[in-house]
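Trainee: Hi! Could you walk me through the charged pairs in this one?
Mentor: Happy to, let me bring it up.

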Amino acid sequence: MKMQMEPPQLDDFLNPADIKVAVSGFGYEEGTCLVWDTDTWTGTGDPSWVRRGVVLRCYLDGTDISRTAIEGATDIGDPEVQTAVQSMKQHLIAAHGGRYLAALQDEIDSLGDPQLLLAKDPVHQEAIYQRARENTAPPSLLALIADVQAKEKELLAVRRRYAVALWRYIAHLYRHGLPVKDIAHWTDASPTSTERRIMCVPTVGAAAITGVEQKTWSGYVARDQAPAPDDHVGREPVWHISTVLRHVDTRPGRPGRPPKHV
């Protein structure tokens, strides 16, 4: 039986406190960490031009995913090195979370378009379904239709899990200070749509980030146990993503009934 990849909870994503910053060569490279060392390297296009400084490397589950060299630095405590460390931590956090989305996307890709099992032409697809409605389709065709419908149901479920994971991923990246352009890059979206997601989180998004059902979130809002909407788009209530995260961070006990907001 195929195992289903469940959407990660906010606590499943990598946090800055989880990232150890250590001197390279001590075995930390086998895990998820950021290591540093003083090193020398040659100048671009001129091997005789030797530069000296601090080199930082990011490792994700033992895989070297990025490298930054700061010329002239002598120690991890140098201000320029510390700035680079914070930036690379964000990169590591984003790369770690992106793996969850990639796994769910692989599930979606593996299912493809179930309707293509029947026919590529929508007219032919309708003709096949018409035969089934008229009870003129042979048992083999009815079995194929049942298989297609089951795969479509599975595909819809995976897409829903992906949507939940995406909301939580965006919220996590925003929480840890990634700018809109970087969040857009990591989620393969435009900066405009990413900005809209951050500014206008609908009920489905707020529920996904909080880890509850949509009707539960709406009930909390109605009972003043969750923040009132920051705005409305038409009749749809929306929240800024910071409002939802503030609710997540301040409610006591998970899972459990949130307190009333005052």
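Trainee: Is arginine 51 buried, partly exposed or exposed?
Mentor: Arginine 51 is partly exposed, with a relative accessible area of 24%. Keep in mind that this is a predicted model.

Trainee: Which residue does arginine 51 form a salt bridge with?
Mentor: That would be glutamate 71, and the closest N and O atoms of the two are 3.7 Å apart. Arginine 51 sits in strand S3 (residues 46-60) and glutamate 71 in strand S4 (residues 63-71), so the bridge ties together parts that are 20 residues apart in sequence.

Trainee: And how accessible is glutamate 71?
Mentor: Glutamate 71 has 43% relative accessibility, which makes it partly exposed.

Trainee: Switching topic: what does glutamate 107 pair with?
Mentor: Glutamate 107 forms a salt bridge with arginine 161, with closest N and O atoms 2.9 Å apart. This pair links distant parts of the chain, 54 residues apart: glutamate 107 is in helix H1 (residues 79-111) and arginine 161 in helix H3 (residues 139-175).

Trainee: Are those two buried or exposed?
Mentor: Glutamate 107 is buried at 7% relative accessible area, and arginine 161 counts as buried at 8%. The cut-off for buried is under 20%.

Trainee: What about arginine 175, which partner does it have?
Mentor: Its salt bridge is with aspartate 249, where the closest N and O atoms are 2.5 Å apart. Aspartate 249 belongs to helix H8 (residues 241-250) and arginine 175 to helix H3, 74 residues apart. Arginine 175 is partly exposed, at 28% relative accessibility.

Trainee: How many salt bridges are there in total?
Mentor: The count comes to eight.

Methods
Residues are numbered from 1 along each chain as its sequence is written. This is a predicted model: local features need pLDDT of at least 70, side-chain atom pairs count only at pLDDT 80 or more; totals for chains, interfaces and linings use all residues. Side-chain values use heavy atoms; hydrogens and water are left out. A salt bridge is a side-chain nitrogen of Lys or Arg within 4 Å of a carboxyl oxygen of Asp or Glu. Helices (H or I, at least four residues) and strands (E, at least two) are DSSP runs, numbered from the N terminus. Buried means under 20% relative accessible area, exposed over 50%, partly exposed in between (1.4 Å probe, protein chains only).
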